[in-house]
Amino acid sequence: MGLAKIGMAYMVARWEEKSIASAARKRGADITLIHLSSFHAVIGDRELGGKLPGVVLQRSVSHYVAVSSSLVLESLGLRVVNRGQATAAANDKVWSLALLRAAGIPTPVTGVAFGSEAAGRLADEIGYPVVVKPTNGSWGRMVALADDWEDLRVILEHREYMPQPEMKVHLIQEYVRKPGRDIRVTVVGGRPVAAIYRYSSHWITNTARGGKAEPAPVEGELGELAVRAAEAVGLEIAGVDLFEDPERGYLVNEVNPVPEFKNTVAVTGVDVAAEIVDYLLELARR
Amino acid sequence: MPTLKCPVCGGPVEVPDDAMPGELIDHDCGVTLEVVKRDDGSIELRPFEGVGEDWGE
């Protein structure tokens, strides 16, 4: 029997992509690196699909490239992890929150408005302070906190003047009074493999923005909720971000389809790359 | 560790032995370089053009 074959589609080889490639080689697997900026394919080209590994991990840093390349690779007959449609749903915060709510998963109260006046009425309904977010994005970029209508009015005015059409979609969320930290649970193949608390004195608690991390318990309610959240959006591999609300308990804030895990590995010692590779190899054997 | 030439300043760039296509190297001249694989399997460096959107955490 030859080496098990898997592929990894990516744009930039970050620490995570190098770890996955290295974990695959340690497992004796043959990993094909699909560097997407050098890749092209005709949609539905099964002949090309036959030359590529049957199972491909999606690791594109660009959300748009991740969705398009997953869909193209799937059209070649390949099994892509995560699937293109799940990645598209996860990248869109309205889409993913709708799926989470439909599955009965607790989330922060979130609404959408398409004009400034309507956004003002939505914020009144939710109650200040509110958080204004882009529908697509990560690292907490372009996320703004409004304590009152005056704050919100200025934020909306800036957004209305931005040329990107998505800036006309105002995603407004309650401000959850979390205890100076949030939680990132990494889910692989329906299992919560690691969890960290992300502390910060700033209200945006993202380790990519300098927050401090500590291990969190992955067993029990926290892990189970993260797995349900990933499944609700159709993700096999996910970074699930949760808040702790003093009254309501865990709230799922978002699900990330191409999660970074450098800080998770540094803090928990869990070999996330090996967990991912084992899951891909399991799929490749099916 | 192979040494390649920076396409911007012409200075030497140490490329790790395990470098992958798509890997980024910050060069002393201030440019971020991307490792790219040529059709013949050898590697070259080019200025990183950036992804222009978010990075996923």
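The legends below go with several close-up views of a predicted model.

Since the model is predicted, local features are called at pLDDT of at least 70 and side-chain atom pairs at pLDDT 80 or more, while totals for chains, interfaces and linings use all residues. Residues are numbered from 1 along each chain as its sequence is written, chains are lettered from A and ligands numbered from 1 in the order in which they are written, and side-chain values use heavy atoms, with hydrogens and water left out.

**View 1. Helix α1 of chain A and what covers it.** Helix α1 takes in residues 15–26 of chain A, 12 residues in total. From first C-alpha to last it reaches 16 Å, close to the 16 Å expected at 1.5 Å a residue; that expected span is 1.5 Å times one less than the number of residues. Its buried residues are A:Glu16, A:Glu17, A:Ser19, A:Ile20, A:Ala21, A:Ala23 and A:Ala24. Buried means under 20% relative accessible area, exposed means over 50%, and partly exposed is in between (1.4 Å probe, protein chains only). An α-helix has 3.6 residues a turn, so residues three or four places apart point the same way. The cover over the buried residues of α1(A) includes strands β1 (5–10), β2 (30–35) and β3 (55–58), plus helices α9 (262–268) and α10 (272–285), of chain A. Just after the helix comes A:Gly28, with a positive phi of about 80 degrees.

**View 2. The ring pair A:Trp15 and A:Phe261.** Counting over all chains, the structure holds 2 aromatic pairs. One of them is A:Trp15 with A:Phe261, edge-to-face, at 6.1 Å centre to centre and 75 degrees between the planes. A:Trp15 sits in helix α1 of chain A and A:Phe261 in the loop between β13 and α9 of chain A, so the pair ties together parts that are 246 residues apart in sequence. To count as a pair, rings of Phe, Tyr or Trp (its six-membered ring) need centres within 6.5 Å; planes under 30 degrees apart are stacked, over 60 edge-to-face, and the rest tilted. A:Trp15 is partly exposed, with a relative accessible area of 38%, whereas A:Phe261 counts as buried at 1%.

**View 3. The β12–β13 hairpin of chain A.** Strands β12 (residues 237–245) and β13 of chain A run antiparallel, joined by 7 bridges. Two strands pair if DSSP finds at least two bridges between them. A hairpin of 3 residues links β12(A) to β13(A), and A:Asp241 stands opposite A:Glu254 in β13(A). Strand β13 (residues 249–256) is mostly covered, with 7 of its 8 residues buried.

View 4. Leaving aside neighbours within four places in sequence, A:Glu244 is in contact with residues including A:Val176, A:Lys178, A:Ile183, A:Tyr197 and A:Tyr250; contact means heavy atoms within 4.5 Å.

**View 5. The strands of chain B.** Chain B has 0 helices and 5 strands, and buried residues make up 39% of its 57 residues. Strand β3 (residues 24–26) runs antiparallel to strand β4 (residues 32–37), with 3 bridges between them, and B:Ile25 stands opposite B:Leu33. The hairpin from β3(B) to β4(B) has 5 residues between the strands, and B:Gly30 in the turn has a positive phi of about 100 degrees.

**View 6. B:Leu4 in strand β1 of chain B.** B:Leu4 is partly exposed, with a relative accessible area of 25%. Its C-alpha is separated by 9.1 Å from that of B:Ile43, 39 residues apart along the chain. Leaving aside neighbours within four places in sequence, B:Leu4 is in contact with B:Gly11, B:Pro12, B:Val13, B:Val15, B:Ile43, B:Glu44 and B:Leu45.

Conventions: Helices (H or I, at least four residues) and strands (E, at least two) are DSSP runs, numbered from the N terminus.
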